[in-house]
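I opened the notebook to look up two things in this structure.

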Amino acid sequence: MTDVVRFASMGTRVELHRFGAGDDDALTAAQRAIEAVDDALTIHRPSATTALNERLMAGQGAAIDDALLFEALVTIEELRASTLGLFDPAADRRFASAGWSAIAFDRGAARIEISQPVALDFGGFGKGFALDRACAVLREKGVVSACLSAGESSIAVVGEHPLGGGWPFAISHPLRPDEILVELELTDESVSISSTVGAGTNAPERAAMIRPTDATIVSAPRCTVAVDRLGAHAEAMSTALLVADEDQAERLLNGDRTRRFLFDFPRGAAIPDQSARMSFND
Amino acid sequence: MTDNDFDLSRRSFIDRVLMATAGAGMAAAAPWASTAALAAPVAKGDRVRLGVIGTGDRGRGLIQNIAKTRNCTVAAICDNFELHLAKGRALVDASTRAFTDHRAMLDAGGLDAVVIATPLDLHKQQSFDAFDAGLHVWCEKAMARTIDDCSAMVKRSQDSGKVLQIGHQRMFKPTYLNAVRRAKEGEIGSLTQIRASWHRQSSWRRPVPAGATDRQINWRLYRDSSAGLMTELATHQIQVSNLFFDAVPTRVMGSGSICFWKDGREVYDHVALIYEYAGGRKLIYTSLLNNARYGCEEQIQGSKGTIEPELGRIYKELPPKELALLRMQADVASGKKRTVPIGGATWFAELPVTTPGDSLGWGEYDETMLQFEGFGEAVRTGKPLPGLLSQAYYASVASLLGEQAMDSGQVMAWPTSLVAI
């Protein structure tokens, strides 16, 4: 069986492609899993996260009642350590000295306390987290080969390519789409691509990438790629690489140079002038 | 500007019109333009003698353009408001006769045609009087205050055998003609929608000088004499829409309001309309008087590109991005395993394209002069410029039909009782 569903969620366009075995309702169930994460983690409409943020912004602690939000917070705390603290969904330009360090998360009590006002924005992590849950659902439903995409920057695959072997992907240069930055083969893995330049980076809904160390916006032209067994981990790593300084980047890349990539582009690089591709005759 | 400079720029302008209208397609689409551009110069004593009715701002602008032509001359002027008449006198030879009543001007003779630049509600009677006096008529747009009056003017012109020409300067503007040519050549694909707007930051209310009445000066603001934005501005752009679509609308719906300038005016200061054309094509039109951000523009939208003639720009649509994952599906189905290109920032809803596009490549020139050279040629030969009157007639009808749609809240179908041209 080969089928596909496409829908809007997590602020982008999601595609789920399934090949071969699996229950008939596998893709529908995977879609529901992604939408459930979106409902819990979004900050663009009322959600468990916005309710939490209201308390945190007011300087108050809060109980974490939503199971998905709780699981996301547990995952984030683990990822903080593996990314040198550079992945920080609480980094906020409004509160330069805030960030995750202002948060005390008590897993046992399912409660957050804070030392100063903060707000959470899960950003790309939410997409990876959602794809992980969708992949888990597909596996439960007997799917052995699937490709899931949340926008162009977050991909997860279940099993091997339907024709065998890994799933071959080519990561395009964000400024010169005809060029390839790196080619990868994935099997039961996820890839996350983060970039400060390229199409869509100036979209009004897109939040700037904040450097957690000083709450400044990362403006240097850079693109990062991270592969991991879990999408949430790949997202955290690509984000950390994007905000890392030279030493931090070396330490993160040394963790797995075949699965983590950082591309710095010349200063002044920007969205390519598309008018150059127009060849109208006068 | 010296005479030589003027001749040079004039030749350049005419050359551009001829270039823009070259080819069989354009000869059919805008035949009036090349005919006007090819009008022969005439010795001063043999020029077409025009009597200008109305020497307000627009009338005086017309007098100045007539002076640039090589086949027309202003032989008389007329205005019932002394201040305007005095300003008109300052633009013509001292020997040019001046009148305060247009009938007196017609009775005095010595004219081949009249130029009407008066409030809209006067156009029909003044053109009737001129036709009855055996004269040809050049009349400012819009044609008349009602659709019936527009039709009556066309009919009277036909019955009298005299030329009736309406002032729509965009029909002689090289930028527009070139844009139409390129659209007809298929550069922007199939035209399906035109968005047009004329937005101003202005009350449109003029100070009333001593000796004049508000309704005399601000006639555009009152229903008796004007349909406001529809007849003063929209009529230009509806004509452009008709020209690009090569059709007239099938029906129109709209909403109008006095939304901002609540100063006693009777005409809308905000209008929004949709004109439908055969095949589902649309003109989406807005005009308002308290926000000039988007100004005056027509966006001619095709499947392969967009033309913005007021900005003189043409844009090409980028080819749609290949859906990599969709291709992967097809590959797997055919037993192929190919690398899937991905990457770039997360997809977001399409943003406006801000790249400038290419220039249509034509400079500015006052095409009103060319209109009059064309009119002069039409008067001299007794043959109207081909295709021109129907363009103006349909544009005026469409603008007035839009007013009816807004007033009634009903969808108005294109009238079936129009005069055949």
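**Cysteines**

I looked up Cys150(B): its sulfur is 9.2 Å from the closest cysteine sulfur, that of Cys139(B), which is too far for a bond. A disulfide here is a pair of cysteine sulfur atoms within 2.5 Å. Cys150(B) is buried, with a relative accessible area of 0%. I take buried as under 20% relative accessible area, exposed as over 50% and partly exposed as in between, with a 1.4 Å probe and protein chains only.

I noted that this is a predicted model, where local features need pLDDT of at least 70, side-chain atom pairs count only at pLDDT 80 or more, and totals for chains, interfaces and linings use all residues. Residues are numbered from 1 along each chain as its sequence is written, chains are lettered from A and ligands numbered from 1 in the order in which they are written, and side-chain values use heavy atoms, leaving out hydrogens and water.

How many disulfides does the structure hold over all chains? I found zero. Cys135(A) is in none, and the nearest cysteine sulfur, in Cys147(A), is 9.2 Å away. Cys135(A) is buried too, at a relative accessible area of 4%.

**Core**

I then turned to the largest nonpolar core, which has 89 residues. Such a core is a set of buried Ala, Val, Leu, Ile, Met, Phe, Trp, Tyr and Cys residues joined through side-chain atoms within 4.5 Å. Among the members that touch the most others are Trp32(B), Met143(B) and Phe244(B).

I checked the contacts of Met143(B) (heavy atoms within 4.5 Å). Leaving out residues up to four places away in sequence, Met143(B) touches residues including Cys150(B), Leu164(B) and Tyr393(B).
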